[in-house]
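Thanks, everyone, for making the time this morning.

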Amino acid sequence: MSLPEALCTNTLETLVARGGLTEITGADGGAYQVLHSAMGPDPVGSVRIYSGERIAKAVYVGIVVPQIGLDSHMVFAFMPEDSPVPHFTLDSVAAGGHLAFHLDLIQRADAGTHMVYNDWAHTPLTDTYKEVLALEGLSRAELDNRQLTVMSAWMLASRATPEAFGQLDKPVAAYLEHWFSLVEGDVPAEVQADLADTDLAERDARNRALLFSPEVDKVWAQISRLITEPVAEGIRAQLVSNELPA
């Protein structure tokens with residue numbers, strides 16, 4: 001198993017086990033969707049979808065195309081639309097001869113006006129965030145400034161040497177552990193008061209529409225070329241909404 005696949009798969013397994021998630025399978029009882037490409041007759045990946053009691057929806061997308069050196073794995077775990085708990089995301093990739101990762105708890109309110117919320121949802125991640133930035137072998141990923149506006153200030157996104165990538169299990173586990181503490185705990189009264197001016201469901205819908213917009217994140221154009229635009233659009237539809245497939 002490759003470094004990107006192992007990091008994402010281990011994280012997904014923890015999400016499913018601790019979150020008590022149930023997989024929504026395809027007609028054959030396997031992954032919800034098997035992905036194909038014009039690169040050859042064999043499948044190039046899969047989409048797996050899960051749901052639970054506290055966690056509304058989790059989506060895993062894996063695409064592996066050796067012919068072009070692509071080994072991409074990502075998982076998103078989404079909370080209910082009206083929950084202030086951030087969404088969890090991990091993206092681990094080998095592409096173009098480089099390893100890269102993206103780790104974040106996607107904020108649910110305007111960070112610039114909700115410091116009480118920040119201190120509950122994100123500030124406990126600061127030490128881990130700084131520890132990762134101090135690792136040797138990392139170089140900042142080239143993200144468009146517009147992309148950064150839909151992510152949190154605690155987002156980690158870097159290219160990594162194999163040695164540095166091999167040290168990511170601990171910080172990913174730390175982000176996930178903090179996230180589960182929010183998922184499993186109660187929302188403090190002071191946080192609820194801080195968010196009284198925010199329509200959480202409306203903001204979440206708008207934020208996710210931008211987060212997964214092909215006009216904001218250019219990676220969707222590459223995915224569309226690889227697996228066709230209709231298939232890519234179907235994956236985006238699973239990410240922008242907590243609606244579960246029938």
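**Salt bridges, strands and a helix pair**

Arg 18 has a relative accessibility of 36% and therefore counts as partly exposed, where buried means under 20% relative accessible area, exposed means over 50%, and partly exposed lies in between, with a 1.4 Å probe and protein chains only. Before going further, please keep in mind that this is a predicted model, in which local features need pLDDT of at least 70 and side-chain atom pairs count only at pLDDT 80 or more, while totals for chains, interfaces and linings use all residues. Residues are numbered from 1 along each chain as its sequence is written, and side-chain values use heavy atoms, with hydrogens and water left out.

What does Arg 18 meet in a salt bridge? The partner is Glu 184, at 2.9 Å from N to O, a salt bridge being a side-chain nitrogen of Lys or Arg within 4 Å of a carboxyl oxygen of Asp or Glu. This pair links distant parts of the chain, since Arg 18 sits in helix α1 (residues 3-19) and Glu 184 in helix α6 (residues 169-184), 166 residues apart; helices here are DSSP runs of H or I with at least four residues, strands are runs of E with at least two, and both are numbered from the N terminus. Glu 184, at 38% relative accessibility, is likewise partly exposed, and a network of salt bridges links Arg 18, Glu 177 and Glu 184.

The structure holds six salt bridges. Another one of them joins Arg 48 and Glu 23, whose closest N and O atoms are 2.8 Å apart, and this pair also links distant parts of the chain, with Arg 48 in strand β3 (residues 40-51) and Glu 23 in strand β1 (residues 22-24), 25 residues apart. Arg 48 is partly exposed at 25%, as is Glu 23 at 24%.

Let me turn to the strands. All nine of the nine residues of strand β5 (residues 70-78) are buried, so this strand is largely enclosed by the rest of the structure. In a regular strand the side chains alternate between the two faces of the sheet. In β5 both faces are covered, with Leu 70, Ser 72, Met 74, Phe 76 and Phe 78 buried on one side and Asp 71, His 73, Val 75 and Ala 77 buried on the other. Strand β4 (residues 57-65) runs antiparallel to β5 and is joined to it by nine bridges, where two strands pair if DSSP finds at least two bridges between them. Within that pairing, Ala 58 has Ala 77 as its bridge partner, and β5 also pairs with strand β6 (residues 87-95) in the antiparallel sense over seven bridges.

Finally, the helix pair. The axes of helix α9 (residues 219-227) and helix α10 (residues 229-240) come within 7 Å and cross at roughly 130 degrees, the axes being lines fitted to C-alpha atoms over the stretch in contact, with angles running from 0 to 180 degrees between N-to-C directions. In α10, Arg 236 forms a salt bridge with Glu 233, their closest N and O atoms being 3.0 Å apart, and because the two are three residues apart in the helix, about one helical turn separates them. Arg 236 is buried at 16%, whereas Glu 233 is partly exposed at 32%.
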